[in-house]
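Dear colleague,

I am handing over the structure below, and my notes on it follow. Please read them with the structure open beside you.

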Amino acid sequence: QVHLVESGGGLVQAGGSLRLSCAAPGSTLVISAMGWFRQAPGREREFVAAISGVGGGSNYADSVKGRFTISRDKSKSTCDLQMDNLKPEDTAVYFCAAGGLSIAPMKPGYWGQGTQVTVSS
């Protein structure tokens, strides 16, 4: 069983930045894909970004390309999401995800509990 723990959510004004972090203490996710999904009120959960455990490739949703950057430290089984130029429409609960090899699409088997990101206009 893999336990994912997110941190770094909060409230920020439009145009600001936040950095989300995800840790998987005690697990080995070296070759697994890791990524982030989000769910806004009244909407389905949607893919945000993913990074491969093999080769380091990444994949982003069109809505965040050029604004969000995903990274990972495989030695620590951690994955970060740097979010810049945030918009009110980025407001959602963000979930860390892990598992599988594919990043397009990502098909995770493990999920974190989520962290709230709120962007005010």
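Cys-96 is buried, at 0% relative accessibility, where buried means under 20% relative accessible area, exposed over 50% and partly exposed in between, with a 1.4 Å probe and protein chains only. This is a predicted model, in which local features need pLDDT of at least 70 and side-chain atom pairs count only at pLDDT 80 or more, while totals for chains, interfaces and linings use all residues. Residues are numbered from 1 along each chain as its sequence is written, and side-chain values use heavy atoms, with hydrogens and water left out.

Cys-96 forms a disulfide with Cys-22, the two sulfur atoms being 2.0 Å apart; a disulfide here is a pair of cysteine sulfur atoms within 2.5 Å. The pair links distant parts of the chain, since Cys-22 lies in strand S3 (residues 18–23) and Cys-96 in strand S9, 74 residues apart; strands are DSSP runs of E with at least two residues, numbered from the N terminus. The torsion about the S-S bond is about -80 degrees, so the disulfide is left-handed. Cys-22 is also buried, with a relative accessible area of 1%.

Cys-79, by contrast, is in no disulfide, and the nearest cysteine sulfur, that of Cys-96, is 5.7 Å away.

Strand S9 (residues 92–98) pairs with S11 in the antiparallel sense over three bridges, pairing requiring at least two bridges found by DSSP, and Val-93 stands opposite Gln-116 in S11.

With kind regards

Note on methods
Helices (H or I, at least four residues) and strands (E, at least two) are DSSP runs, numbered from the N terminus.
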